[in-house]
Amino acid sequence: MEETSSFETSEMTANFLASTPLLTESWRLCQLANASRGAVGGEGEKVGFAAEIGGTATSRVGYVAFSGGGIAPPPGEPGGWGKLVGLEAAGCCWARSLFSDRKSGEEGEEGGGGGELDPVMVCGELLRIFWSVYRDTRFQSQRIIPFVGNNNAQISEVMRECSSVVVTGHSIGGTIASLCAIWLLSCLESTSPRPSVLCITFGSPLLGNESLSRAILAQRWAGNFCHVVSRHDIVPRLLLVPDLAPVTHQLHSLLHFCHLSLSAAPQLETTTPLGLQQLTDEAKAKLFNHVMASLHALLEFGGEGRKANKGSSFSPFGNYFFCSQDGGAICVDNAASVVRMMYLLLGMGSPSCSIDSHLNYGVVVEKVCSQFLTNRSFLQAELPESSYDAGLALALQSSGIDSREPIARPAKDCLKIAKRLGRKPSLNCANLAIKLSQVTPYRAEIEWYKESCDRCDDQMGYYDSFKHRGASRRDAKVNMNRHKLARFWDNVITMLETNQLPHDFHKRAKWVNASQFYKLLVEPLDIAEYYRIGMQRIKGHYITCGREKRYQIFDRWWKEGIDGQEESNTMMMVMRSKFASLTQDTLFWARVEEAREWLESVRTERDPGKAAELWEKLDGFERYARGLVEKKEVSKDVVAKNSSYCLWVKDYQEVKSQVETLLRPQFPNLMDAEVVP
């Protein structure tokens, strides 16, 4: 059976925007912002803005628009727009929900897996301009966007005044609008009920890096952003170019031209702006050709998927609404496909129209809104054979591409990629659930192995039995199962990091619990194997040099899953009446191995200072381990008579009693308390 068209959503989104007042009202406010004489901001940038409240008495909509005019290019350094700064490093605590998921912490750096991910970053120049605008008293006087972040009184006022907020902007003003929308979404995140937020931009440059794009997807905010792009407009493509240095002079002229042209609105769409004289045909051609060549190299380098914009620091996010001069439009929301469509559509234009298109969004919006119900038809010789082919043809026609044009085939391939990437995450997640059930028997066999080790007469326990295993078939089977489970979970991590799974995958209880149980059960075996083959002598101890990346990631998943439930978990721990089935600290045995080495070192250490440091570490671990045992947060193998831990306790007590008399005057922190195994 033929599947239904995957482009219904794009078609519906395009028609929805075109059939409602959202586009026309947003552009009208942008024009008012461009013509605004009450510009706000700091020295060097005066950003026009306009704010209105419309809608009905029961459904009030607040509009806030930012102009791209009044923002002069940095003197002699137009490339300054391409410099990224981290939101966290810039002190934007309101965006914590965005950058918290991108960090793996210090353990990620130490564990050999390289768990540190790129920080969420935005254009530093635009972030500075946004804050200068936001702090301006004239901007604060509008009642739609609250002034103080996390000020509940201000946010409540917004909710009483408006049920929806639309933030919009043209050119650089559109990028400021995107940043404002992210700020507003972050501030409203913990409020309920909250107004819906929609950001509509027109010809705006990109805002941030791929980590920002992925963070917005993870927060499910991508649907809050719609970027209207005229198919020949060069400005939204500029920051996809990795190296703008060869066209510094031309870029400076373009930014200055936009600065003058947008400041001269609203007649700019009917007359030729004075600033256009500054851009010669030669300058336009050089800038256009450099952008096209860079985008071509970018796509050739990256190929399909998430690598399509790897060479660039910036990455698109949200929905991209590509419009043609005749009123056709199509929505694309996959970042790789957005980049490819930007390249293909720009290639259909010319150096001159790539600049003119940036100023003609009023014409584009009018055409889209007046023609969205225009009858579409197919040539008799090109009747589609399935609903999928029909969806492809309609999508191409919406973007103004005739099926007979040379660009039609690569554009169709691009939409096929978007379709595959768009549907695949959910299908992959369903397939992974099936594979999880298929590997569950491996986990069950390891559980059985643990129980048999804990009941064994040698009283060594689970960890030590595996560490000192022989060549039996049972031990080999468990070791093989350990590797199979590792391959499964490593594949899960790879799929998540390459956008092959839903972006909230790591927050779903099924996978958080499954990964935690796997970690509690199997990581002790990985530690045992690590020390069994002597890897600590080659790489260093497990915690700092040998821990696999997957365990560090699972730590984050579990921690984020239990945040806000610490009290209930504490109560559960206090109420334990028997030992846990699995030791709650999966690094416990690695800590035991380090403590064993410290104990051996302290026997022969002659330097009093170094000996004191070793005893401090030993006493600290003893207190920590004793606490876990007393709270029964360890499994039975920890307290087995011949386990590494119990043998360490005996050695610790023996060495301590031998040296206590000599060391007590110098090290008063030595404890007399009994060690509880």
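Biologist: Where does Gln459 sit in the chain?
Modeller: In this predicted model, Gln459 lies in the loop that runs between helix H16 (408-455) and helix H17 (461-467).

Biologist: What about Ser171, buried or exposed?
Modeller: Ser171 counts as buried, because its relative accessibility is 3% and the cut-off for buried is under 20%. Ser171 also has a positive phi, of about 60°, although it is not a glycine, and its place is in the loop between strand E5 (164-170) and helix H8 (172-188).

Biologist: Which residue just after H9 takes a positive phi?
Modeller: That is Arg220, which follows H9 and has a phi of about 60°.

Biologist: And H9 itself, how many of its residues are buried?
Modeller: Helix H9, residues 210-218, is mostly covered, with seven of its nine residues buried. Those seven are Ser211, Leu212, Ser213, Arg214, Ala215, Ile216 and Ala218.

Biologist: Switching to cysteines, how many disulfides does the count come to?
Modeller: The count comes to zero disulfides. For Cys456, the closest cysteine sulfur is that of Cys453, and at 6.9 Å it is too far for a bond, given that a disulfide needs the two sulfur atoms within 2.5 Å.

Biologist: Is Cys456 buried or exposed, or something in between?
Modeller: Cys456 is partly exposed, at a relative accessible area of 35%, whereas Cys429 is buried, at 10%.

Biologist: Now helix packing: at what angle do H18 and H19 cross?
Modeller: Helix H18 (residues 473-497) and helix H19 (residues 509-532) cross at roughly 135°, and their axes come within 11 Å. That angle makes H18 oblique to H19, and the crossing is left-handed.

Biologist: Which residues make the contact?
Modeller: On the H18 side the contact is made by Val478, Arg482, Leu485, Ala486, Phe488 and Trp489, while H19 contributes Trp511, Ala514, Ser515, Tyr518, Val522, Leu525, Asp526 and Glu529. On spacing in general, an α-helix has 3.6 residues a turn, so residues three or four places apart point the same way.

Biologist: How do the axes of H19 and H23 run?
Modeller: The axes of H19 and helix H23 (residues 588-604) come within 8 Å and cross at roughly 30°, which makes H19 roughly parallel to H23. Here Pro524, Ile527 and Tyr531 in H19 meet Trp589, Ala590, Glu593 and Glu594 in H23.

Biologist: Zooming out, how many helices and strands does the chain have?
Modeller: The chain has 25 helices and nine strands, and of its 677 residues 53% count as buried. Among contacts between residues at least 6 apart in sequence, 76% join residues that are at least 24 apart.

Biologist: What is the mean pLDDT of the chain?
Modeller: The mean pLDDT is 77, and 70% of the residues reach 70 or more. Over residues 303-311 the pLDDT is below 50, and that stretch has 27 contacts in the model beyond near neighbours in sequence. Residues 103-115 also stay under 50, and for them the model has 29 contacts beyond four places in sequence.

Conventions
Residues are numbered from 1 along each chain as its sequence is written. This is a predicted model: local features need pLDDT of at least 70, side-chain atom pairs count only at pLDDT 80 or more; totals for chains, interfaces and linings use all residues. Side-chain values use heavy atoms; hydrogens and water are left out. Buried means under 20% relative accessible area, exposed over 50%, partly exposed in between (1.4 Å probe, protein chains only). pLDDT is the predictor's confidence in each residue, from 0 to 100. Contact means heavy atoms within 4.5 Å. Axes are lines fitted to C-alpha atoms, for helices over the stretch in contact, and angles run from 0 to 180 degrees between N-to-C directions. Helices (H or I, at least four residues) and strands (E, at least two) are DSSP runs, numbered from the N terminus. Angles under 35 degrees count as roughly parallel, over 145 as roughly antiparallel, 65 to 115 as roughly perpendicular and the rest as oblique. A crossing is left-handed if the near helix is turned anticlockwise from the far one by less than a right angle, and right-handed if clockwise.
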